[in-house]
Amino acid sequence: MDEKAKVAKKTVQDIEVEGKVVFVRVDFNVPLDMRTGAITDDSRIRAALPTIRYLVDHRAKVILCSHLGRPDGKVVEELRMGPVAQRLSQLTDLPVSIVSDSIGNQVQEAADDLKNGRILFLENIRFHAEEEANDPSFAQALAKLADIYVDDAFGTTHRAHASTVGVAQYLPAVAGLLMEKELTSLTGILTNPEHPFGALLGGAKVSDKISLIHSISDKIDVLLIGGGMAATFLKAQGYEVGFSLIEADKEDLAHQLLEVAGHNGASLLLPVDVVVSDSISEQAAGEVVQITGIPPNKYIADIGPQTVELFSQEIKKCRTIFWNGPMGVYEIPPFTRGTRALVELLANVKATTVVGGGSTAEIVEEMNLTHKMTHVSTGGAASLKFLEGQTLPGVAALLDR
Ligand code: ADP
Ligand code: MG
């Protein structure tokens, strides 16, 4: 990544941490098996390891804080942080102590007793309703535990909560290394992408992605559109799209975007063939048709093989590619093919590849190809808001470099 794209926020490497109590907000909101309570995917924990290792190696006293699930301001036994702390301990091979609350005397004592290079894990922060309410006295109580605030939870930066924004008002606040990587990668493609720069967009609805398309349309050279949202664009161009969801009020916008793309010299490519089906269900069978022959009583459920080929040719010409949104209803086996083919391709091109969005990151992770991409954002919704140019309160709260 270019130096110019370097993040404008101070990071944990810009301050002295030795002997300091450092309050680190992480996003360890990991998926749990509802039946056994076991952690089914620990990639969010792994993603924050560089920051934790850095702090431990530099002899800081580390307090970790995260939310888990949606306890809605009360204690929910199934959502205690114990198993997460235990997994962290296994992954780092370090002892991790836990406390049964996130503020109060017991917590303060544990924080005061922390030795350099040791880790203390607070209880699920959302057991307190004051967290999501960004209650100032709660934020102050959190701040009292520590000397420095580090935010490594990019996925919660679009929410102004006590542990993501409130606490930053009372302590020097800097980015963790994962946060830095998120900001550097996402800022990099916005400010300094190597051209040709292509965006591959999919997902269910155009309305979810309109602002994103607007904000990147003057930066990209080619826009490839698949997924459910392609139907609105195809319809705007006069094609029959059957039962596919059309956002009638967005049809006009789709028209405008087709023009905007044209004005900016970016080419916009839509599917040339699609997989259609009578229904979107496990039992459904897919059938490949050209876009000129979409039956009026079927749904578009995936892009077709010719489209995969067409998009692949374009992607191979690019030096930077941003991808958000599956190409089809990837959750259902007959309709995963288009998405999977393009994930495989992105994993194997030499270009800078940046992936954003919750479902999109999940697919790459499921296919075990995260390490083959330049950056897969852990940010979900936050990554898209960032690329739309929105100010994320959790990022704004950090000190400028
Ligand atoms: P992300 O979370 O990565 O931003 P989205 O939420 O925009 O992605 O899109 C994910 C959803 O889009 C998936 O649930 C997928 O089933 C749906 N989707 C993709 N293609 C289609 C389609 N042709 N018809 C209906 N839904 C689709
Ligand atoms: Mg989504």
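1. Strand S10 (residues 273–277) and S12 are joined by four bridges and run antiparallel. Serine 277 faces tyrosine 299 of S12 across this pairing. The model is a predicted one, and every remark below should be read with that in mind.

2. The S10–S12 pair belongs to an open sheet of three strands, in the order S11-S10-S12, with antiparallel pairing. S11 and S12 are the edge strands, each pairing on one side only. From one strand to the next, the twist averages 45 degrees.

3. Which helix lies across this sheet? H11 lies across S10, S11 and S12. Its direction is at about 45 degrees to S12.

4. In general, an α-helix has 3.6 residues a turn, so residues three or four places apart point the same way. Are the two partners buried or exposed? Glutamate 314 counts as buried because its relative accessibility is 16%. Lysine 317 is exposed, with a relative accessible area of 53%.

5. Glutamate 287 and lysine 298 meet through their side chains, at 3.1 Å from N to O. Glutamate 287 sits in strand S11 (residues 287–290), and lysine 298 in the loop between S11 and strand S12 (299–303), so the pair ties together parts that are 11 residues apart in sequence. Glutamate 287 is partly exposed, at a relative accessible area of 37%. Lysine 298 counts as buried, with 15% relative accessibility.

6. How many salt bridges does the model have by this rule? The count comes to 14. One of them links arginine 46 with aspartate 42, the closest N and O atoms being 2.8 Å apart. Arginine 46 is partly exposed, at 46% relative accessibility. Aspartate 42 counts as buried, at 11% relative accessibility. Salt bridges with shared partners join Asp42, Arg46 and Arg87 into one network.

7. Next, helix H3 (residues 82–92). Its residues Val84, Ala85, Leu88 and Thr92 are buried. Viewed down the axis of H3, these buried residues fall within an arc of 100 degrees, so they line one face of the helix. Gln86 and Gln90, on the other side of H3, are exposed. The helix is followed by aspartate 93, whose phi is positive, near 60 degrees.

8. What covers the buried residues of H3? The cover includes two helices, H1 (43–47) and H2 (49–57). It also includes strand S2 (61–65), strand S3 (96–98) and strand S4 (119–121).

9. S2, S3 and S4 are also part of an open sheet of six strands. The order is S3-S4-S2-S1-S5-S6, and the pairing is parallel. S3 and strand S6 (173–175) are the edge strands, and each pairs on one side only. Neighbouring strands of this sheet are turned against each other by 25 degrees on average, direction ignored.

10. Three bridges join S2 to S4, and the two strands run parallel. Isoleucine 63 stands opposite leucine 120 in S4.

11. How is the chain divided? There is a domain 1 (12–180) and a domain 2 (193–387). The C-alpha centres of these two domains lie 36 Å apart. Eight residues of domain 1 are in contact with nine residues of domain 2.

Definitions and conventions
Residues are numbered from 1 along each chain as its sequence is written. Chains are lettered from A and ligands numbered from 1 in the order in which they are written. This is a predicted model: local features need pLDDT of at least 70, side-chain atom pairs count only at pLDDT 80 or more; totals for chains, interfaces and linings use all residues. Side-chain values use heavy atoms; hydrogens and water are left out. Buried means under 20% relative accessible area, exposed over 50%, partly exposed in between (1.4 Å probe, protein chains only). The arc is that of the directions from the helix axis to the C-beta atoms. Contact means heavy atoms within 4.5 Å. Two strands pair if DSSP finds at least two bridges between them. Axes are lines fitted to C-alpha atoms, for helices over the stretch in contact, and angles run from 0 to 180 degrees between N-to-C directions. A salt bridge is a side-chain nitrogen of Lys or Arg within 4 Å of a carboxyl oxygen of Asp or Glu. Domain bounds come from an automatic or database domain assignment.
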